[in-house]
Amino acid sequence: MLPSQAGGRPPGEIGRFYIDSGYPGILIGALLTGLTLRYLYELLRKNGHSPVFLVVYVTSLYSIVIGGLTNNALWGMSSTLVLLTPLLVADWWSRKHSHR
């Protein structure tokens, strides 16, 4: 039989920042997370009329929430944005060439 192993909850994003870099890691990680969320919000205010951007925004926020629960919020968001890059390029291309 396998030995009984007790599990627990992962430490979350703040705990991960602490484990990686101590108290400075918490400050820097929280600052980077806040700046990233603020940047996304400002992009939403500027591009909220674009259905493509709304998909990117909602998907990014979803990956942050789910990533935060599994201890990889910023990594999840960056990988989501990489996957959505072709969609963003297609939207940019169509806007650029629709004004002619």
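With a relative accessible area of 37%, Ala30 is partly exposed. This description rests on a predicted model, in which Ala30 is found in helix H1. When its neighbours within four places in sequence are left aside, Ala30 is in contact with Phe17 and Gly25. Phe17 lies 13 residues from Ala30 along the chain, and the C-alpha atoms of these two residues are separated by 8.3 Å.

From here the reader can turn to the charged side chains. Side chains of opposite charge can pair when their charged atoms come close. A search of the whole structure finds 2 salt bridges.

One of them joins the side chains of Arg16 and Asp20, with a distance of 3.8 Å from N to O. These two residues belong to helix H1, which covers residues 12-47, and because they are 4 residues apart within that helix, Arg16 and Asp20 are separated by about one helical turn. Arg16 counts as partly exposed, at 31% relative accessibility, whereas Asp20, at 54%, counts as exposed.

In another salt bridge, the side chains of Glu42 and Arg38 meet at 2.9 Å, again taken from N to O. Glu42 and Arg38 are 4 residues apart in helix H1, so about one helical turn separates them. Here Glu42 has a relative accessible area of 31% and is therefore partly exposed, while Arg38, with a relative accessible area of 51%, is exposed because its value is over 50%.

Terms used:
Residues are numbered from 1 along each chain as its sequence is written. This is a predicted model: local features need pLDDT of at least 70, side-chain atom pairs count only at pLDDT 80 or more; totals for chains, interfaces and linings use all residues. Side-chain values use heavy atoms; hydrogens and water are left out. A salt bridge is a side-chain nitrogen of Lys or Arg within 4 Å of a carboxyl oxygen of Asp or Glu. Buried means under 20% relative accessible area, exposed over 50%, partly exposed in between (1.4 Å probe, protein chains only). Contact means heavy atoms within 4.5 Å.
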